[in-house]
Structure formats: structure tokens, C-alpha cells
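Visitor: I would like to go through this model term by term. Please set each value against its definition.

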Amino acid sequence: MRRILFACLLALAPALVSAQQAPTEVPDAVQQGTMANEQLQRDAMMGVHSALAARGCNAPAGLTSYVTRLPEGKAGARAWQEVWLVNCPNRKVPVRIDFRETGATGVTWSLQIK
């Protein structure tokens, strides 16, 4: 049931969230914020922490997220992209995350440290 609600919210999100001016930190940003629900954010953040730790950032101190591609496609197969700027000691690290719905039951993600 939660996944169906998430899919509905995802479909309505572009209309519900007003696009903000693209920040200079992420020039290709469509809007600031994330399209991911709390559970999906936690799941993706585990991967982000792991990838950053492998690159020497063991103590990230917050992040700012930006949507760089709004959801496209049919319900259950939509995809979107975000950049999360993670505050590591002495620098901000951009992490590109590609999200893709997998039917009505979930979302997969993959990330790339820029």
C-alpha cells in the first residue's frame, strides 16, 4: 500500500513542488530537494556512505539534494536523477543517483561519485 501511495505522490510531485532557480553548485539542477521518500533516502544513503568511505570521507556532515532530471516514463517504470552534495571534511562531494521504479513494489538506485 505504501508503495502505491509513493507511486501516486511521485506522479504528482512535479506539480506539487515548485521548481526553484537552479543553484550554481549544481548547474543542471531542475529543483532543490529530493523525489525519494524517507525509506528510499535511507537506503540510498547507506550506499552513499559506503562509496564515500572508500574514498576517504568517513565523517560526512549532511547534504543538500537536487533533482537533475524529473521522473519520466509510465507508472511503475519511471526514472529520475538527483545529485546529492555531501559535506565531507574540507570539501563537498557530488554524488549522482539514478532512481528507477521496479513495478508497483519498489525503486532501485545506482550511484556515481563525480
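Guide: Buried means under 20% relative accessible area, and exposed means over 50%. The model is a predicted one.

Visitor: Which residues of H2 are called buried?

Guide: In H2, the residues Leu 40, Ala 44, Gly 47, Val 48, Ala 51 and Leu 52 are buried. Each of them therefore falls under 20% relative accessible area.

Visitor: How do you know that the span of H2 is close to the one expected?

Guide: Helix H2 runs over residues 38-54, which is 17 residues. The expected span is 1.5 Å times one less than the number of residues, which for H2 gives 24 Å. From its first C-alpha to its last, H2 reaches 24 Å, close to that value.

Visitor: What comes just after H2?

Guide: Gly 56, with a positive phi of about 95°.

Visitor: What pattern does the chain follow along the sequence?

Guide: The pattern is α-β-α-β-β-β-β, made of two helices and five strands.

Visitor: How much of the chain is buried?

Guide: Of the 114 residues, 36% are buried. The accessible surface of the chain is about 6700 Å², and carbon and sulfur atoms hold 54% of that surface.

Notes
Residues numbered from 1 in each chain as written. Predicted model: local features only at pLDDT ≥ 70, side-chain atom pairs only at ≥ 80, totals over all residues. Heavy atoms only, no water. Helix = DSSP H or I, 4+ residues; strand = E, 2+ residues; numbered from the N terminus. Buried < 20%, exposed > 50% of the residue type's maximum accessible area, 1.4 Å probe, protein only. Areas by Shrake-Rupley, 256 points an atom, 1.4 Å probe, with all protein chains shown as cover.
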